[in-house]
Amino acid sequence: MKPCIHCFLFLFLFAASSSTAQIVNPQKMLEGKMIKKTNQAIDKKTDAAIDSLLLDKTNSGPVEKTQNTGIKQETAAQTDTAVAVTQKQESVLQTYSKFDFVAGERVIFYDDFSQDNVGDLPVAWNTNGSAEIVTNNLYDGHWMQVISRNSVWTEALLNLPENYTIEFDIIPIKGEDAGMAGYHFRLMQSINEKSFDPGSVPGKAGFQFKCEYFGRPGYSTYINGNEGQGLALSGVKEDKNLFEKINQKYHISIWVQKSRIRLYQNETKLFDLPKAFPVSTVKMDRIRFEDGAALISNVRIAIGNPDMRSKLLTEGKLVTYGIYFDVNKDVVKPESYGTLKSIADVLSENPSVRIKIVGHTDADGNAAANLDLSKRRAAAVKNELTGNFGIDASRMEIDGKGAAQPVAPNDNSTNKALNRRVEFIKL
């Protein structure tokens with residue numbers, strides 16, 4: 001629509017005739033109106049995105065059980081949800097510049113619930129309450145939804161060594177009391193392999209990370225029996241900038257090294273406990289979520305931390321599972337920073353070393369598409385090492401193999417996670 005020149009002329013003359021008015025620039029006024037209309041259009045789209053939160057992508061309407069979260073109706077959380085959308089779009093690797101977490105080398109448990117049907121209890125988990133798989137419109141993939149005062153835990157016991165890492169994505173949602181309910185995550189040594197260990201301090205020992213109903217993060221440890229007397233620890237973070245918010249996604253990383261436990265929320269190290277479990281008989285074997293309401297996905301447990309220097313310089317090949325991408329995407333996720341920095345440190349300290357970066361995918365999807373994706377992911381890793389860590393691009397070649405060189409059968413989530421990897425080969 002063309003601007004009204006007569007209207008601008010009238011405003012210009014009116015402003016000039018007033019002794020106190022400033023001269024009005026017609027072009028600036030037109031630009032201002034255009035900006036206002038653009039912002040209004042953006043606001044409408046943002047509102048639409050908020051209104052569609054947690055709609056089942058496979059149906060024309062919301063999943064009936066998913067509505068129990070109340071997220072779609074949670075008007076008090078709409079601002080937080082809009083912020084979550086913005087944060088997802090603007091999430092960049094540089095924000096993790098102090099992130100020193102390095103994921104474990106060998107994946108022993110992985111569940112993104114991709115093989116579970118929407119509405120079902122995931123097959124690798126058990127519960128004394130309820131849990132089901134849902135989808136949502138803000139974050140891709142399947143999510144395990146937990147809304148109860150009960151627990152959901154890994155069905156099989158975990159064979160965990162002295163050093164390992166645990167990671168998961170989690171979104172606090174509305175609970176049974178119509179507000180954010182928080183959640184508890186527990187790493188524990190169970191008593192009964194086949195059953196639920198009850199009580200406020202269940203099992204033989206445990207570490208609990210909790211997000212309270214108002215978002216404050218905290219922790220506690222315990223060792224049951226006489227040997228644990230006086231060894232319990234607890235603490236909270238009072239910094240409100242670290243409080244979790246309803247409907248926003250958080251990446252939780254836990255690094256266990258013998259008696260030491262470090263826990264990270266996104267890029268921030270929340271807790272570092274050098275003597276969390278100073279008793280040699282403590283051996284964790286199960287994880288569980290309890291007492292709250294949340295969506296959970298991408299649960300990953302891996303053993304040991306890779307010796308980047310030895311594997312790359314001595315063995316000539318480094319296979320890493322600590323560089324992350326979203327499904328079918330080639331953008332390096334921020335939580336990859338610790339792994340990338342470790343690799344960059346080796347290359348910086350050995351300037352004569354040249355490498356080839358090779359991407360690998362699982363077998364899901366089209367073979368040609370997987371081949372292309374693997375090459376794009378290798379290129380993305382090279383770009384990060386160059387742009388964020390100053391590694392000379394001429395020292396790096398790239399390649400992608402798609403799903404052509406699997407290291408495990410593509411028959412379950414854990415094995416598929418083993419096949420999704422990035423290799424660094426010394427040239």
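**Entry one.** I am looking at a predicted model. I began with an open sheet of four strands, and I read its order as β14-β17-β15-β16, with mixed pairing. I found β14 (317–320) and β16 (396–400) at the edges; each has a single partner strand, so one side of each is left without a neighbour in the sheet. On average, neighbouring strands here are turned by 20° against each other, direction ignored.

**Entry two.** Next I followed β15 (residues 355–360), which runs parallel to β16 and is joined to it by five bridges. Opposite Val-358 I found Asp-399 in β16. Packed on this sheet is helix α6 (residues 367–387), which touches β15, β16 and β17 (421–426). The direction of α6 makes about 160° with that of β16.

In helix α6 I stopped at Glu-384. Is Glu-384 buried or exposed? I noted that Glu-384 is buried, yet has no salt bridge. Arg-377, the nearest side chain of opposite charge, is 12 Å away. Leaving out residues up to four places away in sequence, Glu-384 touches Leu-93, Val-332, Leu-340 and Phe-389.

I then moved to strand β7 (residues 205–211), where six of the seven residues are buried. Strand β6 (residues 183–189) runs antiparallel to β7, with seven bridges joining them. β7 also pairs with strand β8 (residues 217–223), again antiparallel, over seven bridges. I looked up Lys-210 in β7: His-184 stands opposite Lys-210, and Gly-218 is the bridge partner of Lys-210 in β8.

**Entry five.** Last, I checked the hairpin of β7 and β8, which has five residues between the strands. In its turn, Gly-215 has a positive phi of about 100°.

Definitions and conventions. Residues numbered from 1 in each chain as written. Predicted model: local features only at pLDDT ≥ 70, side-chain atom pairs only at ≥ 80, totals over all residues. Heavy atoms only, no water. Pairing = 2+ DSSP bridges. Helix = DSSP H or I, 4+ residues; strand = E, 2+ residues; numbered from the N terminus. Axes fitted to C-alpha atoms, helices over the stretch in contact; angles between N-to-C directions. Contact = heavy atoms within 4.5 Å. Buried < 20%, exposed > 50% of the residue type's maximum accessible area, 1.4 Å probe, protein only. Lys, Arg positive; Asp, Glu negative; His and termini not counted. Salt bridge = Lys/Arg side-chain N within 4 Å of Asp/Glu carboxyl O.
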